[in-house]
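Hello,

I am passing a structure over to you, and I hope you enjoy looking through it. My notes on what turned up follow below.

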Amino acid sequence: MKRRISVLPLAIIAILLFVLNWYVLSGIRTISSNSLTTPLFWGFIVLTTATLIYSIIRMRDNGMDLLFKITTHVFLILFVTEVIFSAFLLLGDTYRLITQGARNVYWVEFALLVVLLVILIFIYGMIKGKYAYRVIKHTLFFDDLPSNFDGFTITQISDVHAGSFKNPTAVQKGIDLIKAQNSDLFVFTGDLVNNKAEEITPWIDHFKQVKAPYGQFSVLGNHDYGDYVPWRSESEKNANLQRLKEYHEELGYKLLLDEEVTLHKDGQKIVLAGVENWGIGFGERGDLNKALAGTSLNDFKILLSHDPSHWDAEVVKHPSKVHLTLSGHTHGMQFGIEAFGIKWSPVKYRYAHWAGITSRNGRYLNINRGFGFLGFSGRIGIWPEITVIELKKSPEIS
C-alpha cells in the first residue's frame, strides 16, 4: 500500500516559500528597474524548484546522483541566502516604518553584499571546509582509573562516509594527522560508508595506515546497515553488511558487535566495549547488556556507541558504570558557529548535546563531529574532527 502524503504541510511550505521569494524580489526591485527582473527571477525560482522536485522523485531509482546533489546544493544556498537577505531587508523596513521614510537603497545593497559573502562561505565549505581537519584534545580525570593507565591516550574518529570522498590527497592529510597523534588506542565510532560496502574500497589503503599499540577498534553506525537504499532482496542487503564487516577486518579494525575486549597494561586492565547502532529514530539494534555481560561492576569501562541518544536513554542509567562513552552521528550538522564563546548548530534542536564532552553522575560522553560529510558536500563552521582523549587519574586528596 502506498503511503499517503498529507497535502496541508506541503501547501503551507509552498505558501511560505512564495512569500519569502516575493519579499526578496521586492528588495531586488528596489535597486533594479529593469522590466526583465521579475520574469527572470520567477523563472529561476520555478526552474530550481521543479528540478529539485524531479530529482527527489527519481532518487528512488537513481539514488543521490549528480543531478540530485547539484539541485539540492543550489536550493540550499538559495534558501539560506534568501532568508539572510530577507532578515536584513526586514530590519531596514522596520526602521523605514518607524521613520516613515523610503526604503534605503544603500541598505539593500549592503544586504546583497552580505549575501555574496555567504555564497563565498558556502563555496569555501564545499571546496576546502569539508577537508579542514582539526585535532581536538580533551583530558578527563577519574578517581577509579587504574594507575597504570594514567596518561593513556585514545584517538577517535567517526562518520567517515567514504562514499562522499573525492579528494585522495586531502583525505591523506587527515590520515597523517591521525597518525601524528601517536595515541595508545585508536577507535572508530561508526558510519564507515553512506549506504554500500563498496564505497570504502578506494580508501582502504588510506585508513589501514592507522595503527596503535593497543589496537584499532570500531563499531557500526546507522548508515552501515544499508537501510537507506533499495535492495533486490534481503539476502543482497545482508551480503552487503557482511562485506562491510570484512572490510573492517581488512582495515585492521576489530569490529565490536555487542561485545567487549580487555586491554592490559602492566598488570592492570580496562574494558573496551562496543555495541551495534542504537539510536532513537535510527534503529535500536545494540544490546548494552550483552556487550557488558563479561564485565564486573568495578571494571573501568569505555563504550563505543555510534548514536549519542543511546547514552541518554540507556548508558547513563545502566547499573554497571560506563566511565566514558564515545559517539558520533550528529556531524554537528556540518553547519554552525563555534567561535567567540558561541557554540551553535541547527542540530541542537534534535540533540541537546551535539558535540564535545558532557558528563552526568561521573559518566562522560564525547561526541565526535565526524571525519567525513554526508548530504551537504561541505562543512561550514563545524570542521571535520580528530579527537584525542587523555585519561588521567584524579590526584588523591590528603
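A search of the whole structure finds 12 salt bridges, each being a side-chain nitrogen of Lys or Arg within 4 Å of a carboxyl oxygen of Asp or Glu. Please keep in mind that this is a predicted model, in which local features need pLDDT of at least 70 and side-chain atom pairs count only at pLDDT 80 or more, while totals for chains, interfaces and linings use all residues. Residues are numbered from 1 along each chain as its sequence is written, and side-chain values use heavy atoms, with hydrogens and water left out.

One of the salt bridges joins Glu 236 to Arg 232, at 2.9 Å from N to O. Glu 236 is partly exposed at 23% relative accessible area, whereas Arg 232 is exposed at 76%. Here buried means under 20% relative accessible area, exposed means over 50%, and partly exposed lies in between (1.4 Å probe, protein chains only).

Another pair is Asp 93 and Arg 96, whose closest N and O atoms are 3.5 Å apart. These two residues are separated by about one helical turn, because they sit three residues apart in helix α4. Helices (H or I, at least four residues) and strands (E, at least two) are DSSP runs, numbered from the N terminus. Arg 96 is partly exposed, with a relative accessible area of 25%, but Asp 93 counts as buried at 7%.

Asp 227 lies in the loop between β4 (216-218) and α8 (234-251), and Arg 285 in the loop between β7 (268-274) and α9 (288-291), so the pair ties together parts that are 58 residues apart in sequence. Both count as partly exposed, Asp 227 at 32% relative accessibility and Arg 285 at 35%.

Now for the protein as a whole: there are 10 helices and 14 strands. Buried residues make up 47% of its 398 residues, and the C-alpha atoms fill a box of roughly 80 × 60 × 40 Å along the principal axes.

Finally, an annotation from the record. The unreviewed UniProt entry places "domain: Calcineurin-like phosphoesterase" on residues 153-332; such positions are given in the numbering used here, feature names are shortened, and annotations may be inferred rather than shown by experiment. That span is 24% helix and 20% strand, and its end C-alpha atoms lie 24 Å apart.

Best wishes
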